[in-house]
Amino acid sequence: MIDAKMAHELKTWLMQLDISPNDCWENVECKVVDNPYPQHFNFHISDGASKICFVFHDKDFVLKWSTEGEGEAMQEVYFYEEAKIANLAKFFPGTEHFFSHNGVDFVMQEKVTIQAGDVWGDMVVKYQKIAKTVPPRMVDKVQKDLNKVSGYTRHINTLWIACLLSLYGKKATKALCKFVQEHDINDLHGSNVGFKNDRPIILDFSGYHRQD
């Protein structure tokens, strides 16, 4: 995902930022302003319920870490390794531990093309063509199987599920559902599933299990 020179530059800059486990999005943004990043690290900051992410605009990776000292980002590293063993890595973006500093584990992950929740217009038509032979009853069954988890269950994007079935078939989709259940990957909303090169993928797969 990244060559040695860029990795060194990125690590040096991250150490200068000195992000702590308890830094919120606003704190991180202030640190970035005070420590301007190298010009070729053109990115924006995205955050969710449990992680903060640097999304690099012209690179094929993102950098994410868990907030409040929790370990969801590293959980994705472990799950990805298990997905490779189970021959299911194609359903997830490449994910690896980048380095640790100041109690923060930075995780590098392949960037997806688009989140399912952002699919609209001509993109909808394209994916509908891919999924045109998949009956709604099969989509409904997969939705229920993917939601056999604890905590946050969601109405998972049905077009995404239909493409999953169309491109990979029932057997592979069933194997993915079993993996999701065994690893309790919940919270699969429209920003946590998407497409990479028109292939359905789960881009945030630690699940959300914090006590609010």
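**Entry 1**

I looked up N197 and found it in the loop between β7 (193-196) and β8 (199-202). Helices (H or I, at least four residues) and strands (E, at least two) are DSSP runs, numbered from the N terminus. I note that this is a predicted model, in which local features need pLDDT of at least 70 and side-chain atom pairs count only at pLDDT 80 or more, while totals for chains, interfaces and linings use all residues. Residues are numbered from 1 along each chain as its sequence is written, and side-chain values use heavy atoms, with hydrogens and water left out.

The phi of N197 is positive, about 55 degrees, although N197 is not a glycine. Most residues other than glycine have a negative phi. N197 counts as exposed because its relative accessibility is 60%. The cut-offs I used are under 20% relative accessible area for buried, over 50% for exposed and partly exposed in between, with a 1.4 Å probe and protein chains only.

I then turned to N87, in the loop between α3 (72-85) and β4 (95-101). N87 is not a glycine either, and has a positive phi of about 60 degrees. With 60% relative accessibility, N87 counts as exposed.

**Entry 2: strand β3**

Is β3 enclosed or open? I found six of the six residues of β3 (residues 61-66) buried, so the strand is largely enclosed by the rest of the structure. F61, L63 and W65 point one way from β3, whereas V62, K64 and S66 point the other way.

Next I checked the neighbours of β3, where two strands pair if DSSP finds at least two bridges between them. Strand β2 (residues 51-56) runs antiparallel to β3 and is joined to it by five bridges. V55 has V62 in β3 as its bridge partner. A hairpin of four residues leads from β2 to β3. Strand β5 (residues 104-110) is also antiparallel to β3, with four bridges. There I found E110 of β5 opposite F61.

**Entry 3: aromatic rings**

How many aromatic pairs does the structure hold? I have 13. Rings of Phe, Tyr and Trp (its six-membered ring) pair if their centres lie within 6.5 Å; planes under 30 degrees apart count as stacked, over 60 as edge-to-face and the rest as tilted.

One of the pairs is W13 with F54, which is tilted, at 5.6 Å centre to centre and 35 degrees between the planes. W13 belongs to helix α1 (residues 4-17) and F54 to strand β2, so this pair ties together parts 41 residues apart in sequence. Both W13 and F54 are buried.

I also looked at Y127 and F195, a stacked pair with 4.0 Å centre to centre and 10 degrees between the planes. Y127 is in helix α4 (residues 122-130) and F195 in strand β7, 68 residues apart, and the pair links these distant parts of the chain. Y127 counts as buried at 2% relative accessibility, and F195 does at 1%.

**Entry 4: charges over rings**

Last, I searched for a charge over a ring, meaning NZ of Lys or CZ of Arg within 6 Å of the ring centre and within 35 degrees of the ring normal. The charged end of K11 sits over the ring of F98, 5.2 Å from its centre. For R199, the charged end sits over the ring of Y168, 5.6 Å from its centre.
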